[in-house]
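I opened a new page for this chain. My plan was to go from the whole fold down to single residues.

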Amino acid sequence: MTISSALNAGVTGLKANAVRLATISDNIANSATFGYKRAGADFHSMVVNAGGSGTGAYSAGGVRTTTHRLIDERGALTASTNATDIAVSGRGFIPVTSAASMRAGGPLPMMLMTSGSFRADAEGYLRTATGEVLMGWPVNPDGTVPPFARDSSTGLTPVQINPNEFISEPTQNIQLGVNLPSTAAAGTDQFLSIEYYGNLGNPERLDVTFTKTANPNEWSMGIVDSLSGASIGEYVLEFSPSAATGGTLASVTPVGASPAYDSITGTLPLAVGAPPATGGPMNINIGQLLDPAGMSQLGDDFAPGTITKDGAPVGSLTQLEVDENGFLVALYDVGVTRKLYQIPLADVPNPNGLQAMDNQTYRVTNQSGGFFLWDAGAGPTGAIEGYVREESTTDVAQELTQLIQTQRAYSSNAKVIQTVDEMLQETTNIKR
């Protein structure tokens, strides 16, 4: 019984070290694989009670093994030159799906990654070279994200980019800081043209005329829109003559049906263009009352000081970037940026319970627990980094050390089997 149990123990030792060798070889083979999580093997003793203690009899139970993959370990981040090479700096996983499932037209399974090199394919989908397609929530044109369920992947869609996409931003706000000459005679006109962009990206023009009235501290302002060719606003501007607030705007009075001046914000809410023209609502900020930063009447010079506006002409897509909050941002050649998708980060209670699959992807299991989709950088999850890849968690020096130990342990177990064989042979010879 004792000799045969020693033989069995030696066999289990060979098997256990073969399993450990398999994990070591897998780790070394993937030491340069981005996003790879190292595997390990743990040994557990097996005890066989035969005859109890103190009887002089002992049966070797041997050893068994369990394997695991340390998915919660994070590798170092290394820089790359591709903006959509992304990795998670901290806890969390990037949601992806299979390009094969997309082609089949069936349900899109959600898989998880900690790092991936995503590039647009012929159809504009951001995918890895091995077919994992990045998933995210589409962002509304105004930059907001609709409320999606956080414990379900139903709101996630494959990220698709149109490389030939064009964009324009209509002008909605104009800051108008102008100094009018206090020495101008009644009837004096001053002219100013301001370019803006309509809803279709076309450059249009506002023609502003300032006319000095008989009141020495009063001007009439008329605004004509080139898009419609009509007057969109006429106002009487009165300036303060006092020592403390001299030259600042004292009152703004609309003429006729012109929109009222908003004294709280200092804006004129004008309707640019007329249907079916392509203009839109526009706020012209002339400054708050008695605010020295607004319009003024000082000195003898007409000086357009602060004239700024938003909006942009038609531009084409030049670059994509992923910010730390997981927003995929499109950059256009006119300086405009727009959020296209939000890439959430999935988190599970037990990352090491995920099922490891090909190409550094993982699938949720009962052992991992259910997932929850967090905004990157919120909750327990880390941030999403662009222009980086996550290196393998394999430590080659440590694996080589374990390789030597495994080799010696395997040889020792083989020696046990050889010794048992020789002892059994001696027992057979005694019978002869």
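Among contacts between residues at least 6 apart in sequence, what percentage join residues at least 24 apart? I got 62%, with contact taken as heavy atoms within 4.5 Å.

**Ground rules.** This is a predicted model, so I noted its limits: local features need pLDDT of at least 70, side-chain atom pairs count only at pLDDT 80 or more, and totals for chains, interfaces and linings use all residues. Residues are numbered from 1 along each chain as its sequence is written, and side-chain values use heavy atoms, leaving out hydrogens and water.

**Whole chain.** I counted three helices and 31 strands. These are DSSP runs, numbered from the N terminus: helices are H or I with at least four residues, strands are E with at least two. The radius of gyration is 37 Å, well over the 22 Å of the globule rule for 432 residues, so the chain is more spread out than a compact globule. I took that radius over C-alpha atoms; the rule is 2.2 Å times the number of residues to the power 0.38. The C-alpha trace spans about 140 × 50 × 35 Å along its principal axes.

Next I looked at surface. The chain exposes about 21300 Å², with carbon and sulfur atoms supplying 53% of it. Areas come from the Shrake-Rupley method with a 1.4 Å probe; for residues, only the protein chains shown count as cover. Buried residues make up 41% of the 432. Buried means under 20% relative accessible area, exposed over 50%, and partly exposed in between.

**Cores.** I then searched for nonpolar cores: sets of buried Ala, Val, Leu, Ile, Met, Phe, Trp, Tyr and Cys residues joined through side-chain atoms within 4.5 Å. The largest has 28 residues, and Leu-206, Phe-210, Leu-237, Ile-284 and Ile-286 have the most contacts inside it. Strands β13 (173-180) and β20 (281-285) are among those that each supply at least two residues of this core. Another core lies apart from it, with 26 residues, including Met-113, Phe-118, Val-322 and Leu-340.

I looked up Ile-286 by itself. Is β4 (residues 85-89) mostly covered or mostly open? Mostly covered: four of its five residues are buried. Strands pair if DSSP finds at least two bridges between them. Three bridges join β4 to β7 (residues 115-117), and the two run antiparallel. Here Ala-87 has Ser-115 as its bridge partner. β4 also pairs with β30 in the antiparallel sense, over four bridges. Ser-89 stands opposite Ala-383 there.

**Thr-23.** I found Thr-23 in helix α1 (residues 2-29). Thr-23 is buried, with a relative accessible area of 9%. A polar atom of its side chain lies 2.7 Å from the backbone oxygen of Arg-20. Beyond its neighbours within four places in sequence, Thr-23 is in contact with Ala-39, Gly-40, Ala-41 and Thr-67.

**Phi check.** Most residues other than glycine have a negative phi. I noted Gln-360, with a positive phi of about 60 degrees. Gln-360 sits in the loop between β27 (355-357) and β28 (361-363), and is partly exposed at 22% relative accessible area. Tyr-387 also has a positive phi, near 65 degrees. Its place is the loop between β30 (383-386) and β31 (388-390). Tyr-387 is partly exposed, at 31%.

Conventions:
Buried means under 20% relative accessible area, exposed over 50%, partly exposed in between (1.4 Å probe, protein chains only). A polar contact is a pair of N or O atoms within 3.5 Å; within protein, one must be able to donate a hydrogen and the other to accept it, and residues adjacent in sequence count only if both atoms are side-chain atoms.
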